[in-house]
Amino acid sequence: MMSWRQYIAPLVFCAQVASSFFDTALQMVVKERCANTTDPDSEQKAITNFNMIFNMILKFVPIVPAILLAKVGDKGYRKVPIFVPLIGYLVSRTLLLLDIVLEWPLQVLYAVPVIHGLCGGFASYWAGVMALVSVCATEDKRSLRIMRTELVYGIAGFIGSLASGHLFNLYTVDLKHGVILSGLSVLFYFFCLIYAAVILRVDNIVLENRQERRESIGIINQEARDTLNIVLLFAGGILYDIAVAGGIEMLAAYVLKEPLNWGATEVGYGNAAGSLIFITSFVGVKIFTRCSVRDESMIMIGMVSFAAGIYFMAFVTTTPLYFLARSLTLFALIPMPTIRSLLSKQVKGTSYGITFVLLQLSFKLASLVTTPIYTKIYQISLDTFPGFVFILSSIFTVLSIIPISIVGCRSARHNGYETIQGN
C-alpha cells in the first residue's frame, strides 16, 4: 500500500493552481501594457506579437535541458525531472511579480520563458510526472491512472482560474492590480518546491524492480513494441497538439478584442471553462472504459469533440456562444493522456521519461514553425474573418485522426490474428 508521502497529486494540484494564477496575471498585464484605445487592431497585433515571441522562446529553450533531465530520471532518479523545473517555475514567476511592482518594460518578461526553459520547463515537469505515474501502474490501469492525474490537474486549473480574475482586481493604495494574484502564484510554487524536496518520497529501487519483473514475465514483450505504431502515435499527437496549441494561443488574444472584449474576471472564467474539460474528459474515459471502448477509439472521440468545438468558435460573437463552443470540446483532453498510455505499452519502463520528453519536445518543435504562421494568419484576417485560425485548427484535428485510425486498425488486426491462433 502506498504511503501518503508517495502521492504526486498534491504537488500537481498546487502547481496548477499557481499556473492558473500566473496565466491570468500575464494575460492581463500584457493587455494593459499594449492598450491602444484609438487603434484596436494595433493593440491586437502588439498582444499577438508578444505572445508569439514569448511562446516560441518557451518552446525552444527547454529542448536540451529536458532531454538531460529525462535521462537522469530514467536512471532511477524520478524526482529530479520534477524538482528542477519547479525551481524554474518559482524564479520565473517571481520575475512577473517584480515586473508588476517595479513597472519594468514588458520586454523584461521575455526572460520568464528563458529561466523557465533552462530548468526543463513544462516538457520536463509533466513528462516526469507522467513517467512516475506510469511506472507505478499496471498496463490495464495505466490509462485510468494517467487520466486521474490529468483530472487533478484540471480541477486545480478550474478552481485557480475561477478565482484568478477576482484576485487580479484586488488592490490597495500600496499594491497595484495583479500583485496579490502574482504573489500567490509565487507562494504556491514555493510550497510545491518544499513538497517535492522534503515530503514526496519515491522508492527508486522498488519502482524499477517492479518494471523489470513485468518485463521478465512478458507483460511488455518484443511483439508489443511496434515501431510503426510509435511513429503513428507521435504523428497523431503532433498534429493534434498543433491544432490545440495554435487555436488556444490565438483564443487568448481573440477574447480581449471586440466583440467579446473581456476583462480579468471573464478571462478567469474562460480559463476555468478550459480546465473544466479535464473533468468531463475524465468522466468520458471512465464511461468509455466501462463500455469496453478501445483506447484508439477514445482518442478519436476526443479529437472529433475538439474539432467540432473549435470550428464553432470561429463564429463566436458573444460570451454565451463562447461557452457553448467550449462545451462542445468536453472530451478534447482524452487524446493526449491516452496517447501517452499507448506509448508506454510500446517501450520499457526505463525509457518512459525520455519517451514522454521526446513527445513533449516534438510538440514544441512543431509549434516553433506553426506558432508564427498562426499569428500572422490571425493578424492578416483581423479585419475580415479573425475566426479563420480556428477553422484551420479544426482541419489539423481532422488530419490527426488519420494516423490514430491506422493504429486502431493494425491493433484490431493483430488482436484478431492472436484470437485465431489461440483457437
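Buried residues have under 20% relative accessible area, exposed residues over 50%, and partly exposed residues lie in between (1.4 Å probe, protein chains only). By this scale, Arg-294 counts as partly exposed because its relative accessibility is 31%. The structure described here is a predicted model, in which local features need pLDDT of at least 70, side-chain atom pairs count only at pLDDT 80 or more, and totals for chains, interfaces and linings use all residues. Residues are numbered from 1 along each chain as its sequence is written, and side-chain values use heavy atoms, with hydrogens and water left out.

Helices are treated as DSSP runs of H or I with at least four residues, strands as runs of E with at least two, and both are numbered from the N terminus. Helix α14 spans residues 335-344. Of its 10 residues, 10 are buried, so α14 is largely enclosed by the rest of the structure. Among them are Pro-335, Met-336, Pro-337 and Thr-338. Ile-339, Arg-340 and Leu-342 are also on the list of buried residues.

Helix α15 covers residues 352-380. The axes of α14 and α15 come within 10 Å and cross at roughly 140 degrees. Axes are lines fitted to C-alpha atoms, for helices over the stretch in contact, and angles run from 0 to 180 degrees between N-to-C directions. Angles under 35 degrees count as roughly parallel, over 145 as roughly antiparallel, 65 to 115 as roughly perpendicular, and the rest as oblique. The two helices α14 and α15 are therefore oblique to each other. Their crossing is right-handed. A crossing is called left-handed if the near helix is turned anticlockwise from the far one by less than a right angle, and right-handed if clockwise.

The crossing of α10 and α12 is left-handed.

Gln-379 lies in helix α15. Gln-379 counts as buried, because its relative accessibility is 10%. The C-alpha atoms of Gln-379 and Met-250 are separated by 9.9 Å, although the residues are 129 apart along the chain. Val-64 and Leu-361 are 297 residues apart in sequence, yet 9.4 Å apart in space, C-alpha to C-alpha. Val-64 belongs to helix α3 (residues 63-74). At 53% relative accessibility, Val-64 counts as exposed.

Charged pairs come next. Side chains of opposite charge can pair when their charged atoms come close. A salt bridge is defined as a side-chain nitrogen of Lys or Arg within 4 Å of a carboxyl oxygen of Asp or Glu. The whole structure contains seven salt bridges. One of them joins Glu-150 and Arg-340, at 3.3 Å from N to O. This pair links distant parts of the chain, with Glu-150 in helix α7 and Arg-340 in helix α14, 190 residues apart. Glu-150 is buried at 5% relative accessibility. Arg-340 is buried too, with a relative accessible area of 6%.

Lys-176 forms a salt bridge with Glu-103, and the closest N and O atoms are 4.0 Å apart. Lys-176 lies in the loop between α7 (139-168) and α8, and Glu-103 in the loop between α4 (80-102) and α5 (111-118), so the pair ties together parts that are 73 residues apart in sequence. Lys-176 is partly exposed, with a relative accessible area of 32%. Glu-103 is exposed at 56% relative accessibility. A further salt bridge connects Arg-294 and Glu-296 at 3.4 Å, N to O. Glu-296 counts as buried at 5% relative accessibility.

Backbone geometry stands out in the loops. A cis peptide bond joins Glu-258 and Pro-259, with omega about 10 degrees. Pro-259 lies in the loop between α10 and α11 (264-290). Asn-261 is placed in the loop between α10 and α11. Phi of Asn-261 is near 55 degrees, a positive value in a residue other than glycine. Asn-261 is partly exposed, with a relative accessible area of 40%. Ser-292 lies in the loop between α11 and α12, and its phi is near 60 degrees, also positive in a residue other than glycine. Ser-292 counts as exposed at 62% relative accessibility.
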